[in-house]
Amino acid sequence: MTSQTDTQGSVTAVYKVSGMTCGHCEGAVSGEISRLAGVSSVQAVASSGEVTVVSAAPLDEEAVRAAVDEAGFELAGKA
């Protein structure tokens, strides 16, 4: 269930988040995940339920889960 790519000093991972339905949801999830150390980019897409995260190193999934929970949504795992 992991979609992760390592490219020149950065790691891209795609997570599935349940409950996102609109732009506000995308912003809430993106905002919380972007606060994690090493995150350089977050793109949440409500229509697919996917959140693409670019970071300097692989992220701890529990830290991502906690950030998503803080935003009021549920991490369903990696896409």
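Colleague: Which residue just after α2 takes a positive phi of about 95°?
Modeller: This is a predicted model. Go to the end of α2 and look just past the helix. The residue there takes a positive phi, and it is glycine 72.

Colleague: Which residue takes a positive phi in the hairpin of β3 and β4?
Modeller: This hairpin has four residues between its strands. One of its residues has a phi near 75°. That residue is glycine 49.

Colleague: How many bridges join strand β3 and strand β4?
Modeller: Strand β3 covers residues 39–45, and strand β4 covers residues 50–55. The two pair in the antiparallel sense. Their bridges number six.

Colleague: Which residue in β4 stands opposite valine 39?
Modeller: Start at valine 39 and look across to β4. The residue facing valine 39 is serine 55.

Colleague: Is serine 55 buried or exposed?
Modeller: Serine 55 lies in strand β4. Leaving aside neighbours within four places in sequence, its contacts include Gly9, Ser10 and Val11. Gly38, Val39 and Ser40 are also in contact with serine 55. Buried means under 20% relative accessible area. Serine 55 has 3%, so the word is buried.

Colleague: What does the side chain of serine 55 reach at 2.7 Å?
Modeller: Follow the side chain of serine 55 to a backbone atom. That atom is an oxygen, and it belongs to alanine 57.

Colleague: What separation do the C-alpha atoms of alanine 56 and valine 11 have?
Modeller: Alanine 56 is found in the loop between β4 and α2. Not counting residues up to four places away, alanine 56 touches Gly9, Ser10, Val11 and Gly38. Along the chain, alanine 56 and valine 11 are 45 residues apart. Their C-alpha atoms are separated by 6.0 Å.

Colleague: How far apart are the end C-alpha atoms of α1?
Modeller: Helix α1 has 12 residues. At 1.5 Å a residue, α1 should span 16 Å. The model agrees, because the end C-alpha atoms are apart by 16 Å.

Colleague: What arc do the buried residues of α1 cover around the axis?
Modeller: The buried residues in α1 are Cys25, Val29, Ser30, Glu32 and Ile33. They sit on the same side of α1, because their arc around the axis is only 165°.

Colleague: Which residues does serine 30 contact beyond its neighbours within four places in sequence?
Modeller: Serine 30 lies in helix α1. Its relative accessibility is 16%, so serine 30 counts as buried. Beyond the sequence neighbours, its contacts are Val42 and Ala44.

Colleague: What covers the buried residues of α1?
Modeller: Take valine 29 as a case. Setting aside neighbours within four places in sequence, its contacts include Val17, Met20 and Val51. For the buried residues of α1 as a group, the cover includes β2, β3, β4 and α2.

Colleague: Which residues have the most contacts inside the largest nonpolar core?
Modeller: This core has 21 residues.

Colleague: Within what arc do the buried residues of α2 fall?
Modeller: In α2, the buried residues are Val64, Ala67 and Val68. They line one face of the helix, because seen down the axis they fall within an arc of 95°.

Note on methods. Residues are numbered from 1 along each chain as its sequence is written. This is a predicted model: local features need pLDDT of at least 70, side-chain atom pairs count only at pLDDT 80 or more; totals for chains, interfaces and linings use all residues. Side-chain values use heavy atoms; hydrogens and water are left out. Buried means under 20% relative accessible area, exposed over 50%, partly exposed in between (1.4 Å probe, protein chains only). Contact means heavy atoms within 4.5 Å. Two strands pair if DSSP finds at least two bridges between them. A polar contact is a pair of N or O atoms within 3.5 Å; within protein, one must be able to donate a hydrogen and the other to accept it, and residues adjacent in sequence count only if both atoms are side-chain atoms. A nonpolar core is a set of buried Ala, Val, Leu, Ile, Met, Phe, Trp, Tyr and Cys residues joined through side-chain atoms within 4.5 Å. The expected span of a helix is 1.5 Å times one less than its number of residues. The arc is that of the directions from the helix axis to the C-beta atoms.
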